[in-house]
Structures are given as C-alpha cells and as structure tokens.
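Hi,

Here is the structure I promised to pass on to you.

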Amino acid sequence: MNPSIDPILHLKKTFSNISYAEKKLRNREFVKCEFITCDFAKSDLRDNDFEDCTFKNCNLSMALIEGAGFRNATFIGCKLLGVDFTRCNRFLFSFSFQDCYLDYCTFFGTKLRKTKFTGCSLKETDFTETDLTEAVFDACDLSGTKFSNTILEKADFRSANNFAIDPDRNKMKKAKFSALNLGGLLFKHQLEITNDG
C-alpha cells in the first residue's frame with residue numbers, strides 16, 4: 001500500500017454480483033466483508049487487505065494478489081484457478097477453503113498450518129516447501145498435486161484421493177491416512193495394490 005495515502009476502509013459490507021474482472025482495485029482494506037457471486041477473474045488485487053472476509057461463489061481465477069493480505073479469509077464454492085499465493089503478504093495469510101477449485105495454484109514456500117481444505121479440487125497445485133502442519137484435506141482431489149520438501153506433520157489425508165506423496169521427500173510425522181488410500185504413498189514403487197482379499 002502507498003504509505004502516504006490512507007487506504008479506503010470497507011467494514012462489514014456485502015458486495016453481491018459485482019464484476020471486477022480484469023479491473024484494478026487499489027488501496028482498499030476490507031474488514032468483515034462478504035463477497036457473493038463476484039467476478040474477480042484476472043483482476044488486479046495487489047496490495048489490498050482482506051481481513052475476516054468471506055467469498056461465496058466468486059471467481060478469482062488468475063487474479064493478481066501480489067502483496068495482498070488475507071487474514072482469516074473464507075472461500076466457499078469459489079474458483080481460484082491458477083492463483084499464485086506465494087507473493088501475498090506473509091503477515092496476513094490464513095485461509096479456509098470449502099468446495100473450491102484451486103487447480104494450478106501455487107503455494108510454494110508458504111505457511112498454511114491448520115488450513116482446512118474441504119471438498120476441494122487441488123489438481124496440479126504446488127505445495128513445494130509449504131508448511132502444512134495439521135492441515136486437513138477432507139474429500140479433496142489431489143491429482144498431480146506436488147508435495148516436495150513439504151511439512152505434512154499431523155496433516156489429515158484420510159478422505160483425500162488421487163495424491164502421490166513420497167515419504168522420503170517430505171516431513172510426515174503423525175500424518176493421518178486411511179488404509180484405503182495408502183497407495184498414494186507407495187506410487188514410486190509401482191506396486192499393484194488392491195482392496196480385495
């Protein structure tokens with residue numbers, strides 16, 4: 001944010017059916033706001049702050065969020081395809097995602113401790129060097145998702161599917177898995193694992 005100009009503060013407001021697609025939003029601070037069915041596709045949200053905000057059925061695909069702050073941001077039923085979260089404000093960086101499409105997103109090197117992903121599609125998402133301690137992947141599709149030098153200690157994958165995680169290349173102490181999805185930890189050995197007796 002430009003330090004010489006105070007940001008415009010929006011407090012406890014609801015924004016519905018607004019299109020910000022391919023537009024610039026500058027010098028704004030949103031606190032306890034709700035965004036419902038808004039289109040932020042390819043919009044420029046750099047250096048804005050969103051604190052305790054909820055996004056419902058919004059499209060944020062390919063949005064630019066460099067320097068943007070998200071503290072306790074909740075995304076429900078949103079599309080966030082191809083969003084690069086690595087350049088967000090690291091001091092305002094906490095989320096929960098429910099029924100969202102996060103395919104092709106990058107979280108490289110971020111801290112996502114205790115983050116909840118519920119019913120999300122995370123295809124080809126990059127979690128390289130991410131801290132996912134105690135994160136929950138509840139009923140998530142992790143096809144092609146990249147985990148490398150990732151901290152997955154106490155993370156919950158019991159209902160996740162289509163993941164391929166190499167235990168030798170990630171920190172996984174006390175991570176939780178179901179007996180039915182253990183094949184995702186053995187992919188590199190090219191074993192044939194069946195559930196029939």
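This is a predicted model: local features need pLDDT of at least 70, side-chain atom pairs count only at pLDDT 80 or more; totals for chains, interfaces and linings use all residues.

Eight residues of domain 1 and nine residues of domain 2 take part in the contact. About 660 Å² is buried between domain 1 and domain 2, and carbon and sulfur atoms supply 64% of that area. On the side of domain 1 that touches domain 2, four residues are nonpolar, two are polar and two are charged. What holds for salt bridges across this interface? The search finds zero between domain 1 and domain 2. Polar contacts do occur there, with a count of four residue pairs.

**Salt bridges**

Side chains of opposite charge can pair when their charged atoms come close. The whole structure has eight salt bridges. Here are some of them.

- Arginine 26 pairs with aspartate 44, with 3.3 Å between the closest N and O atoms. Arginine 26 sits in the loop between β2 (14–16) and β3 (28–31), while aspartate 44 sits in the loop between β4 (34–36) and β5 (49–51), so this pair ties together parts 18 residues apart in sequence. Arginine 26 is partly exposed at 35% relative accessible area, whereas aspartate 44 is buried at 5%. Arg26 and Asp44 also belong to a network of salt bridges that includes Arg46.
- Lysine 56 pairs with glutamate 34, and their closest N and O atoms are 3.1 Å apart. Lysine 56 is in strand β6 (residues 54–56) and glutamate 34 is in strand β4, so the bridge ties together parts 22 residues apart in sequence. Lysine 56 is partly exposed at 31% relative accessibility, and glutamate 34 is partly exposed at 23%.
- Arginine 71 meets glutamate 51 in a salt bridge of 3.4 Å, N to O. This pair links strand β7 with strand β5, across 20 residues of the chain. Arginine 71 is partly exposed at 34% relative accessible area, and glutamate 51 is partly exposed at 22%.

**Two residues and their neighbours**

Aspartate 131 lies in the loop between β9 (116–118) and β10 (136–138). Is aspartate 131 buried or exposed? Its relative accessible area is 8%, under the 20% cut-off, so aspartate 131 counts as buried. The side chain of aspartate 131 makes a polar contact of 2.9 Å with the side chain of arginine 113. Leaving out residues up to four places away in sequence, aspartate 131 touches Thr110, Lys111, Leu112, Arg113 and Ile151.

Threonine 74 belongs to strand β7 (residues 69–76) and is partly exposed, with a relative accessible area of 24%. The C-alpha atoms of threonine 74 and phenylalanine 95 are 5.8 Å apart, although 21 residues separate the two along the chain. Beyond residues up to four places away in sequence, threonine 74 touches Cys53, Thr54, Phe55 and Ser96.

Lysine 154 is not a glycine, yet it has a positive phi of about 60°. Lysine 174 also has a positive phi, near 65°. Lysine 154 is in the segment after β10, and lysine 174 is placed in the segment after β10 too. Lysine 154 is partly exposed at 41% relative accessible area, while lysine 174 is exposed at 62%.

Best wishes

Notes. Residues are numbered from 1 along each chain as its sequence is written. Side-chain values use heavy atoms; hydrogens and water are left out. Contact means heavy atoms within 4.5 Å. Buried area is the accessible area (1.4 Å probe) that two parts lose on being put together, summed over both. A salt bridge is a side-chain nitrogen of Lys or Arg within 4 Å of a carboxyl oxygen of Asp or Glu. A polar contact is a pair of N or O atoms within 3.5 Å; within protein, one must be able to donate a hydrogen and the other to accept it, and residues adjacent in sequence count only if both atoms are side-chain atoms. Ala, Val, Leu, Ile, Met, Phe, Trp, Tyr, Cys and Pro count as nonpolar, Asp, Glu, Lys and Arg as charged, and the others, Gly among them, as polar. Helices (H or I, at least four residues) and strands (E, at least two) are DSSP runs, numbered from the N terminus. Buried means under 20% relative accessible area, exposed over 50%, partly exposed in between (1.4 Å probe, protein chains only).
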